[in-house]
Amino acid sequence: MNLKYLLLSLSLVSLLAPLCVSAQSISAAQMQQFKSLPKAQQEALARQYGVDLDQVQGPSGSNGSTVRQAISVVEPLQSDNTENGGDRKPTKEEQAFAEKNNGLQPFGYELFEGKPSTFAPVTEVPVPANYTLGPGDEIKVQLWGNENRQWSLTVSRDGTIDMPERGPINVAGLSFQQARDEISRLVSEQYIGVKAAVSLGELRSVRVFVLGETRTPGSFSVSSLSTITTALYVSGGIRHTGSLRNIQLKRNGKVVHTLDLYELLLKGDTSGDARLQAGDAIFIPAVGPRVGIDGEVYRPALYELDGATSLQDLVNLAGGLTAQAYPQITRIERTNLEFLRIIAEADLTKAAGKQARVKAGDRVSVASIANVTGQYIEISGAATRTGKFAWVPGMRVSSIIRNSDADLLPIADTNFAAIVRTNPETQQISVLSLELKNAIAHPGRAADLILQEKDQLLLFADNGKSNFEQGGEEGAQRFSREALFNKVVKRLKTQATPQAPQQTMTISGPVRYPGEYPLPASGKVKDAIVMAGGLKDSALMLGAELARRTLNANGVEQTRLQTVDLASAMNGQGNVALQSRDRLMVKSIPLFGATHTISLEGEVVYPGEYTFSDGETLSAVLQRAGGLTNNAFPRGSVFTREKLRQLEAQRLREAEQRLQGDLLGGKLEGDSFGGQNAQRVDEVKGLLDDVQSSRPVGRMVIDLQAVLSNSDYQSIRLQDGDTLTVPTIPQAVSVFGEVQFPTSHLHLAGLTVDDYLERSGGPTRQADENRVYVVKADGSVMLPEKSAWFGGRSQQLHPGDTVIMPIDVDRLNQLELWTNVSQIVYQMALGAAAVGNL
């Protein structure tokens with residue numbers, strides 16, 4: 001069996017190989033031989049030769065019979081720059097054509113755009129009863145009754161069909177209905193009790209020519225039922241240079257029919273679509289005169305003229321005027337006798353304008369009606385419905401803003417709105433303040449202002465509400481006073497004249513939205529402050545300062561200041577009227593809301609954060625806190641200040657920058673004899689790491705015991721953010737730096753600096769023994785070698801003191817820098833450690 005399949009596979013090479021190149025005819029025997037193979041063998045052979053099984057044997061239906069595939073005669077026309085699945089992009093020729101005609105494309109050519117994919121005739125069309133039979137047509141006869149038979153009769157070249165048991169019958173030239181009646185009659189005469197059902201099978205194909213301005217000129221095989229449009233479709237359509245209104249059907253060298261495709265495209269009239277015969281030629285001549293039309297018509301395009309055409313005829317070709325058209329002004333661009341472009345106008349509302357003749361090369365443009373120019377009011381800002389609304393005399397604000405929940409956005413400011421009013425005579429604007437909440441709550445009253453034609457209602461956002469609403473921050477910016485008033489302020493500035501000064505003013509100080517605003521039409525200070533969002537609680541109601549620019553007798557502008565009683569103005573009792581470019585400054589309550597606190601921590605009777613008044617001292621606050629506990633160690637207290645912390649942070653940054661520069665210089669010098677330079681670089685890196693990891697504390701050295709008990713000691717005036725940390729009584733003396741074993745030792749009376757150094761193992765090789773220093777418990781630094789008061793290194797230490805053995809920096813550059821940096825680092829570390837140990 002396997003041998004049989006192998007032989008069959010070899011024999012089918014000649015069958016499948018040609019299909020890799022083109023779809024050729026396959027005999028029934030070859031197809032039957034291929035189908036006798038198992039399905040897996042068929043698929044393997046198909047994959048080997050790159051053949052689609054559906055192409056070879058066609059898809060099979062549920063009953064195993066072969067289903068005929070539909071043939072795609074025409075594929076959509078594509079250009080090289082068309083992406084898969086996208087619309088066709090215009091060719092360079094079409095783009096140039098569109099640019100030349102201001103973007104207008106010729107009408108109707110996209111209907112037949114495509115390219116033929118096969119020369120197979122189109123047969124999937126119904127056969128009419130008047131169809132004329134000819135050689136090649138197939139007639140199917142189904143007999144039923146006493147006998148059941150089926151005949152397939154093909155019309156021969158001599159025009160006859162060979163009817164079984166009857167002989168040849170001439171049917172050529174007969175209509176399908178006539179042939180049907182004749183065959184039915186012959187069957188009923190020859191066969192008793194038998195009836196015939198006659199239908200058409202395969203139809204003959206005819207070859208026609210499509211020539212002229214077609215995309216694919218040549219000869220095409222089409223169905224005998226095909227018409228002119230069928231051939232145009234198969235040939236890929238008409239080029240933009242071809243005529244749509246004068247398509248000629250030629251037969252035996254003579255024009256037998258002319259087709260105007262505009263009748264089909266614009267009216268759906270197919271009566272002019274003539275049936276084709278074998279040998280017919282369809283000729284597409286060059287396009288006739290064209291006229292372009294755009295603007296307010298439904299189909300702006302280039303239209304081909306057919307004889308004398310009026311302006312109204314052209315508008316009808318373009319689908320008529322839109323609802324936005326202004327027919328009284330229809331512009332016509334035309335080339336005159338001197339070959340210059342001129343502009344003419346026609347009125348399509350009059351008979352003369354409608355009957356005006358258009359000429360080849362004309363460009364007609366129908367104008368649009370203007371936007372709404374009257375009988376409206378406009379709403380802008382934080383409203384659910386913005387835009388223009390109808391205005392009627394006597395309408396008020398409550399007529400269009402009826403409910404704050406339904407008509408306003410959640411972020412809307414209901415306390416204030418503005419009405420921008422246009423003077424109908426001077427066309428200048430003014431601004432009215434509106435108490436929106438009162439206008440909605442009390443319709444028809446004084447707060448509910450009467451609107452005038454072309455009023456613009458500005459609704460602003462409330463920044464306080466924006467934090468609680470989704471998308472509120474974005475809305476607050478879009479509908480802020482600055483955003484909505486921006487155009488209004490610019491308009492007020494541009495319309496200003498010497499006789500009508502600029503109607504703007506500026507408000508500053510503790511108001512919710514300080515800035516530049518339109519001058520309220522009322523001129524009241526209260527309306528201006530309400531426009532700015534109202535006063536903050538820090539505003540000083542005793543008086544505000546008004547700066548006004550005035551001209552003196554010599555015409556020189558100068559500033560004049562005056563005080564405004566703000567409390568009276570807000571109650572509506574003020575008599576100050578605001579003027580052009582006034583600057584109103586609302587004063588703030590001195591030190592409003594300013595609280596100064598100090599944090600008391602550690603061994604304080606009542607620790608916590610205390611508020612102090614301006615000028616209060618540390619001793620006074622400690623007295624309020626109950627003083628120190630019995631375990632307090634005043635000498636080791638840590639007093640920190642924010643300003644000092646910032647200064648220390650700056651010193652650390654400067655030291656870090658200098659260390660990085662020296663480290664780079666040491667690396668550039670390279671290694672010296674014995675590797676000493678590399679060792680220095682490592683030491684600098686270690687010191688740089690210490691600087692970078694140090695945390696500024698802002699410690700200020702104080703004698704807390706003297707603060708509490710000595711009245712002659714300088715008083716410490718507190719600043720906001722001060723912190724006092726009082727530790728417990730210590731029992732140790734610490735030794736850090738370049739010693740063998742840095743640690744803390746239990747304090748013993750009588751031990752000196754050298755004694756504690758010896759207890760830590762003595763100095764290392766990198767130690768600088770001549771620069772030993774001691775950080776006292778209060779944060780002060782003493783140098784035993786230089787201090788006469790200190791008494792040298794034999795001086796005894798106290799609990800909480802720290803001995804520092806610094807690194808020997810004589811071998812490094814900038815000795816003074818390293819010494820200072822080392823002291824800064826150790827001092828900060830000790831201060832931070834003192835705070836952290838509480």
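**Close-up views of a predicted model**

**View 1. Antiparallel pairing of strands β35 and β37.** Strand β35 (residues 773-775) and strand β37 (residues 802-805) pair in the antiparallel sense, with 3 bridges; two strands pair if DSSP finds at least two bridges between them. Strands (E, at least two residues) and helices (H or I, at least four) are DSSP runs numbered from the N terminus. Thr 802 in β37 is the residue opposite Val 775. The model is predicted: local features need pLDDT of at least 70 and side-chain atom pairs count only at pLDDT 80 or more, while totals for chains, interfaces and linings use all residues. Residues are numbered from 1 along each chain as its sequence is written, and side-chain values use heavy atoms, with hydrogens and water left out.

**View 2. The open sheet of mixed pairing.** The order of the 5 strands in this open sheet is β34-β33-β37-β35-β36, and the pairing is mixed. Because β34 (743-746) and β36 (781-782) each have a single partner strand, they stand at the edges, and one side of each is left without a neighbour in the sheet.

**View 3. The hairpin of β23 and β24.** Over 4 bridges, β23 (residues 504-508) pairs with β24 (residues 515-518) in the antiparallel sense. Gly 515 in β24 is the bridge partner of Ile 507. The two strands, β23 and β24, form a hairpin with 6 residues between them, and in the turn Gly 509 has a positive phi of about 100 degrees.

**View 4. Helix α7 and its buried side.** Phe 176, Ala 179, Ile 183, Leu 186 and Val 187 are the buried residues of α7 (buried: under 20% relative accessible area; exposed: over 50%; partly exposed: in between; 1.4 Å probe, protein chains only). They cover an arc of only 100 degrees around the axis, and therefore lie on the same side of α7; the arc is that of the directions from the helix axis to the C-beta atoms. These buried residues pack against β3 (138-145), β4 (149-154), β5 (160-163), β6 (167-170) and β7 (194-200).

**View 5. Surroundings of Phe 485.** Apart from its neighbours within four places in sequence, Phe 485 is in contact (heavy atoms within 4.5 Å) with residues including Phe 416, Val 431, Tyr 517 and Met 531.

**View 6. Ser 709 in helix α22.** Ser 709 belongs to helix α22 (residues 704-709) and, at 54% relative accessibility, counts as exposed. A polar atom of the Ser 709 side chain lies 2.7 Å from the backbone oxygen of Gln 705.

Technical notes: A polar contact is a pair of N or O atoms within 3.5 Å; within protein, one must be able to donate a hydrogen and the other to accept it, and residues adjacent in sequence count only if both atoms are side-chain atoms.
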